[in-house]
Amino acid sequence: MMKSIRDIYKVGKGPSSSHTMGPAKAASDFRKETPEADAYRVTLYGSLSKTGRGHGTDRAVMETLAPIPTEVIFAQETPEDIQHPNTLDLVALKDGREIARQRVRSIGGGDIMVEGRSAPGQSEETYLENSFAEIKQFCEFRYISLIDYVELNEGRDIWDYLLGIWEVMKRSVQEGLSTTGELPGGLHIDRKAKSIYDHILVNKHPEVVECQLVCSYAYAVSEQNADNGTIVTAPTCGSCGVLPAVLYYIKDKRNLSDMDIAHALGVAGIFGELAKRNASVSGAECGCQAEIGVACAMAAAALGQVFGYSIKKIEYAAEVALEHHLGLTCDPICGLVQIPCIERNAVAAMRALNSANLAYFLADTRRISYDMVVKTMYETGVNMNRGYRETSEGGLARLYSRRG
Ligand code: SF4
């Protein structure tokens, strides 16, 4: 069983689906349940506590609950009964007395789970299949494409939804390309998208032009995200630049229609949703392989759809894209979704193009399935040292802060 691909594409404000969108949703839902509260206390644990300041978790929660006064606590210790790395406690107060409390997990991609309440119900399940092997078998048995498969399960209005998603993606590319200045957070990083794009015409190396175009688009969206702009999770905020970058590039290059892109988003959504369902799209849970790796797989699958590949070739493109991100750690400097995140979106966009090209001539030699690589990604993620799962205690984040 698998949810609608609408679940993967959410419109929201950056910089983090698990650290800003999820907690903001938790606060908003809790507020609706506690209209009599005159104050709130929110305690952040695990990765939310370690990198919440850089990601702006406190700001997102306080803005959602405003004007009701809210105290946000970054817990130094995580109680033993807390299972998920992105957990927060919400407490509603009235005249200084606690009137309600809730423990919530921010599980990635902007989704939340309230502890003690049942997981999303069966009614939210849109697809009966639970693996790409099942999906492939279903399609091949009926001689239908992945687009037909999506429409069969989601209904025709999925294309209107995805056209709307594409509009937001396009806007995030265009706004990112026309904005300059320093990103917030204190790292003093200047936006680069416009400068990369502006230098394309004067570049003397034609082979670099594709790279510059794709990278400028990826930077544009990722910089919008880092600057609290409106983006689409694909599958998360931190990895939101990969898919729009390749689609913006290929639409122009091949003169495609918006509906062609909606179809590509539909196919990409299947691969994203499978990863979310059978593994994770949370950097705090499985490292950056779960965010950028899945984004790259989605982009490679989208390109495969645009190139008119068979189902087998599309799967190969997605599998290669994810396979070569296995083990990728999440180590954002100062907890900001900037270094290495923005550049990483650009590199992954290029890798998606390479994976789709590789699939063109190597798909017949394939030994590894998408399902297998998704499972491996999850196992690798849960075995990864906690310092490399969005805590900013390992990797680049640790060395950078040491140098001061
Ligand atoms: S390193 Fe990757 S997973 Fe971690 S915050 Fe950056 S983009 Fe997200």
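**Exercise 1. Find how much area domain 1 and domain 2 bury between them, and what share lies on carbon and sulfur atoms.**

Solution. Domain 1 and domain 2 bury about 3200 Å² between them. Of this, 56% is on carbon and sulfur atoms. Buried area is the accessible area (1.4 Å probe) that two parts lose on being put together, summed over both.

This is a predicted model: local features need pLDDT of at least 70, side-chain atom pairs count only at pLDDT 80 or more, and totals for chains, interfaces and linings use all residues. Residues are numbered from 1 along each chain as its sequence is written, and side-chain values use heavy atoms, with hydrogens and water left out.

**Exercise 2. State where the two domains lie and how many residues of each are in contact.**

Solution. Start with the bounds. Domain 1 covers 2-114 and domain 2 covers 134-399; such bounds come from an automatic or database domain assignment. Next, the spacing. Their C-alpha centres lie 26 Å apart. Then the contacts (heavy atoms within 4.5 Å). Here 32 residues of domain 1 touch 50 residues of domain 2.

**Exercise 3. Count the salt bridges and polar contacts between the domains.**

Solution. Take salt bridges (a side-chain nitrogen of Lys or Arg within 4 Å of a carboxyl oxygen of Asp or Glu). The count between domain 1 and domain 2 is five. Asp 157 forms a salt bridge with Arg 6, with the closest N and O atoms 3.7 Å apart.

Now take polar contacts. Each is a pair of N or O atoms within 3.5 Å; within protein, one must be able to donate a hydrogen and the other to accept it, and residues adjacent in sequence count only if both atoms are side-chain atoms. Across the interface, 21 residue pairs are in polar contact, both residues at pLDDT 80 or more.

**Exercise 4. Identify the element that gives the most to the side of domain 1 that touches domain 2.**

Solution. Helices (H or I, at least four residues) and strands (E, at least two) are DSSP runs, numbered from the N terminus. Elements that each supply at least two residues to this side include helix 1 (17-33), helix 2 (46-55) and strand 6 (97-108). Helix 2 gives the most, with five residues.

**Exercise 5. Describe how strand 6 pairs with strand 5 and strand 7.**

Solution. Strands pair if DSSP finds at least two bridges between them. Strand 5 (residues 87-94) and strand 6 run antiparallel, joined by eight bridges. Strand 6 and strand 7 (residues 111-114) also run antiparallel, with four bridges. Follow Val 104 of strand 6. Leu 88 stands opposite Val 104, and Val 104 stands opposite Val 114 in strand 7.
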